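Please keep the sequence and the coordinates in view while reading.

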Amino acid sequence: MASQAAEEKPKGAASTQVATKQKKEQRKELYPMVNWKYDLFLYVMGNVADLFFREVVSRGSWKVPQSGPVLFVAGPHANQFVDGLVLQRTLRKEAGRRVSLLIAQKSVHGFIGWASRQVSSVPVGRAQDAAKPGSGTIYMPDPINDPTLIRGVGTKFGVGEGEVQGMLFLPSAKGVSGESMNIDKIIGPEEIRLKRPFKGRLAMQQLTGRDDVDDDGRFTNKGLKGLAPGYQGTKYKLAPHTDQTSVYEAVFDRLRNGGCVGIFPEGGSHDRTELLPLKAGVAIMALGALAESPDCGLKIVPVGMNYFHAHKFRSRAVVEFGTPFEIPPRLVEMYQNNQRREAIGQLLDTVHQALSAVTVSAPDYDTLMMIQAARRLYNPTGKKLPLPLVVELNRRLSKGYERYKDDERITALSSSVKEYNARLRYLNLKDHQVQYAKLNIFVVLALLLYRSAKLILLFFCSLPGLILFSPIFAATKIISREKAKTALAGSTVKIRGRDVMATWKILVALGLAPTIYHVYSIIIVTRVWYDRFWGLVPAALPLWLVYFMVWPTIIGITFAALRFGEVGMDIFKSLRPLVLCVFPSSGYNIHRMREQRAKLSAQVTEVINELGPDMFSDFEKTRLVPDAKSDAGAPPTPAGEGRRRDSEASIDIFVDPPADGVSSRTLPRNDSFSNIGHVGIFSTRPPSRSRSRSRSSSAGGGLGSSAFPISGFTTLDSSEGFNEASRKIRQAMKDRRRKSDKIKMEGDDQEDESDDEGYDEARKKDI
């Protein structure tokens with residue numbers, strides 16, 4: 001009987017575990033997703049995003065799994081709430097997946113709170129949001145022998161301030177974000193112990209007042225054991241312990257049911273040029289989900305949010321999806337067997353590598369500008385590069401610079417490129433506009449007159465809408481700048497607070513535009529009631545119908561003014577180089593700039609071709625831009641024949657011939673522009689979803705690879721399938737080239753702001 005009871009007991013325990021597991025699987029989600037609400041909200045807000053951005057291009061969306069649980073990790077988080085909107089819309093449109101995003105608890109109120117509920121976002125309480133300044137100052141009395149001990153002067157630890165498992169925050173300084181650490185023990189009102197010691201240089205300087213600290217936080221003066229003489233400590237902030245149990249349960253439920261969850265693992269938005277340290281939450285969510293459901297098939301997909309001036313109206317973005325990867329079972333076992341810190345650390349390293357493969361990072365803004373200038377100079381074929389290819393070139397050049405930045409050749413070249421950029425700023429020119437110097441003086445005069453006349457026409461066409469919408473423009477600019485200042489004052493990681501500007505521009509426009517339009521409608525209806533609008537409106541037309549007719553009319557005028565004004569600004573910015581060609585005003589004239597650019601371009605190309613094979617073993621195979629020397633030495637090939645270039649293999653970079661048959665071979669391609677309506681009605685976006693898909697479908701990338709083949713369909717399993725796909729692509733490219741054999745792709749790639757302004761001109765028809 002005893003043995004029978006012993007046998008029945010494990011059976012009962014096993015059945016209890018099975019029942020518990022089934023109950024978890026059947027449990028209702030805390031933040032359920034309603035599909036029709038999700039789709040309707042994204043449709044409406046997607047149109048708003050289309051008005052704010054000129055173009056949002058996806059790359060690699062075919063890599064997103066079509067079913068099963070997926071954890072999307074996106075970065076850098078450079079555009080606050082707009083990042084989530086762009087990511088969700090791109091995933092729904094390009095990959096057919098709906099994703100629930102994690103959102104800061106402090107933002108879940110008002111319109112943002114309502115919007116987050118429509119797309120089933122999961123609110124997360126963050127310690128930094130609850131941080132408050134503490135009393136007195138703190139310092140580290142024995143940084144050598146006891147670096148976890150923190151002592152205070154006038155502090156009140158445990159007496160209304162601070163708690164075990166809470167957080168201690170140090171202030172940011174000199175453009176470096178402040179560090180934070182968990183409190184392990186409160187010894188007294190003026191003494192606490194941290195879980196781990198601070199390691200950064202800034203933190204050690206703040207807590208000791210010493211300057212003999214290297215970049216790793218180690219002291220160079222071994223003779224001095226304590227603080228700097230007379231140091232009184234630093235200010236600080238304290239935050240209570242935040243319980244994230246409900247957040248993790250909501251994420252586990254969504255993933256267990258085969259859904260998608262998105263997270264920005266940096267922990268908050270910022271305007272830096274590199275990724276911030278990743279928070280442990282993303283690793284805990286992934287490992288915890290697999291610990292509870294080992295067979296759920298969870299995959300992690302890195303997403304790069306690459307913007308060209310994220311805070312500016314009518315800017316551009318490239319959303320790049322990396323190769324999905326699964327978590328090794330050994331990490332899950334480590335997570336379950338009291339090795340959580342090691343498992344989390346290894347997974348965070350993997351996620352960081354994956355994000356680095358789909359983003360462009362630089363140590364500072366000046367370096368990023370220098371890298372972008374080098375990319376513009378390195379384009380020996382003179383072809384206009386699509387946005388995804390521009391991002392890929394920036395990424396490769398950034399990795400190359402990081403590796404060879406101490407090389408004498410790179411040092412000298414960097415100085416020359418920075419000097420060239422400084423001269424461009426002095427002349428207020430974009431890089432691509434330097435090519436105007438090769439034009440004949442009579443051609444320049446003709447272009448100047450013609451474009452001036454066209455600019456005047458477009459100005460008067462856009463003037464009504466500009467007047468009607470001017471209050472909104474002014475309000476969005478003023479409010480967004482004030483919000484940026486507020487965000488900067490309350491952050492330890494932001495540089496200028498630009499990451500919140502796009503969000504506030506959209507929110508202010510959404511709230512103010514209907515109000516302004518309503519006022520305009522009331523004014524017009526009042527005038528119709530008074531004298532039938534000077535007798536122009538029939539007496540039979542009711543006033544309520546007049547009101548509803550005014551709304552679409554005003555919206556149409558505003559939208560038309562936006563498109564007229566957009567083309568007009570492109571023309572306006574192209575006038576300055578023409579004027580400089582006619583009236584050179586200094587030693588830094590445009591003709592000398594062109595000569596300098598040609599020499600610098602040759603130097604950049606030579607250095608890249610020399611160092612590229614050392615860094616990328618498949619440099620020639622995966623070359624994004626064909627070698628000018630090899631192309632120059634090869635015999636000319638008939639249009640539509642010959643080997644396809646890598647940059648042509650995946651992305652269609654040709655444009656249709658002008659409808660009027662007029663070519664603009666003598667004009668720089670970057671400054672060409674079309675009549676309004678070249679693509680659709682006033683459109684500057686790709687004409688169809690299929691085109692966007694074709695772009696993203698063939699752009700490569702992979703986890704752990706530093707050079708990504710940009711050839712199409714590189715992941716086909718069989719050689720026969722690859723050959724068949726290649727044959728079809730080559731035939732399609734031949735047909736395309738036959739149609740455009742008289743179009744010569746000229747010009748150089750755009751400058752950092754011409755990434756915003758000049759790229760759409762390359763898709764427009766020349767005058």
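This is a predicted model: local features need pLDDT of at least 70, side-chain atom pairs count only at pLDDT 80 or more; totals for chains, interfaces and linings use all residues.

A residue is called buried under 20% relative accessible area, exposed over 50% and partly exposed in between, with a 1.4 Å probe and protein chains only. Residues are numbered from 1 along each chain as its sequence is written, and side-chain values use heavy atoms, with hydrogens and water left out.

**Strands and sheets**

Helices (H or I, at least four residues) and strands (E, at least two) are DSSP runs numbered from the N terminus, and two strands pair if DSSP finds at least two bridges between them. Strand 2 (residues 70-75) is largely enclosed by the rest of the structure, because six of its six residues are buried. Val70, Phe72 and Ala74 point one way from this strand, Leu71, Val73 and Gly75 point the other way, and all are buried. Strand 2 runs parallel to strand 12 (residues 260-263), to which four bridges join it, and it also pairs in the parallel sense with strand 13 (residues 299-308), over six bridges. Leucine 71 has bridge partners in both of these strands, namely valine 261 in strand 12 and isoleucine 300 in strand 13.

Elsewhere, an open sheet of seven strands shows antiparallel pairing in the order 5-11-8-9-10-7-6. Strand 5 (132-133) and strand 6 (137-139) stand at its edges with a single partner strand each, so one side of each is left without a neighbour in the sheet. Strand 6 pairs with strand 7 (residues 149-153) in the antiparallel sense over three bridges, and threonine 137 stands opposite valine 153 in strand 7.

**A covered helix**

Helix 11 (residues 387-404) has 18 residues and reaches 26 Å from its first C-alpha to its last, close to the 26 Å expected at 1.5 Å a residue, where the expected span is 1.5 Å times one less than the number of residues. This helix is mostly covered, with 15 of its 18 residues buried.

**Aromatic contacts**

Rings of Phe, Tyr and Trp (its six-membered ring) pair if their centres lie within 6.5 Å; planes under 30 degrees apart count as stacked, over 60 as edge-to-face and the rest as tilted.

| Pair | Centre to centre | Angle between planes | Class |
|---|---|---|---|
| Phenylalanine 41 and tryptophan 114 | 5.9 Å | 70° | edge-to-face |
| Tyrosine 248 and phenylalanine 252 | 6.3 Å | 20° | stacked |

Because phenylalanine 41 lies in helix 2 (residues 35-52) and tryptophan 114 in helix 4 (residues 110-118), their pair ties together parts that are 73 residues apart in sequence. Phenylalanine 41 counts as buried at 12% relative accessibility, whereas tryptophan 114, at 41%, counts as partly exposed. Tyrosine 248 and phenylalanine 252, by contrast, both lie in helix 6 (residues 245-256), four residues apart, which is about one turn of the helix, and both are buried. Ring pairs also link Phe52, Phe53, Tyr307, Phe313, Phe469 and Phe473 into a cluster.

Lysine 483 lies over the face of tryptophan 504, at 4.4 Å from the ring centre; a charge sits over a ring if NZ of Lys or CZ of Arg is within 6 Å of the ring centre and within 35 degrees of the ring normal.

**Cysteines**

A search of the whole structure finds zero disulfides, a disulfide being a pair of cysteine sulfur atoms within 2.5 Å. Cysteine 461 is partly exposed, with a relative accessible area of 35%, while cysteine 581 is buried at 9%.
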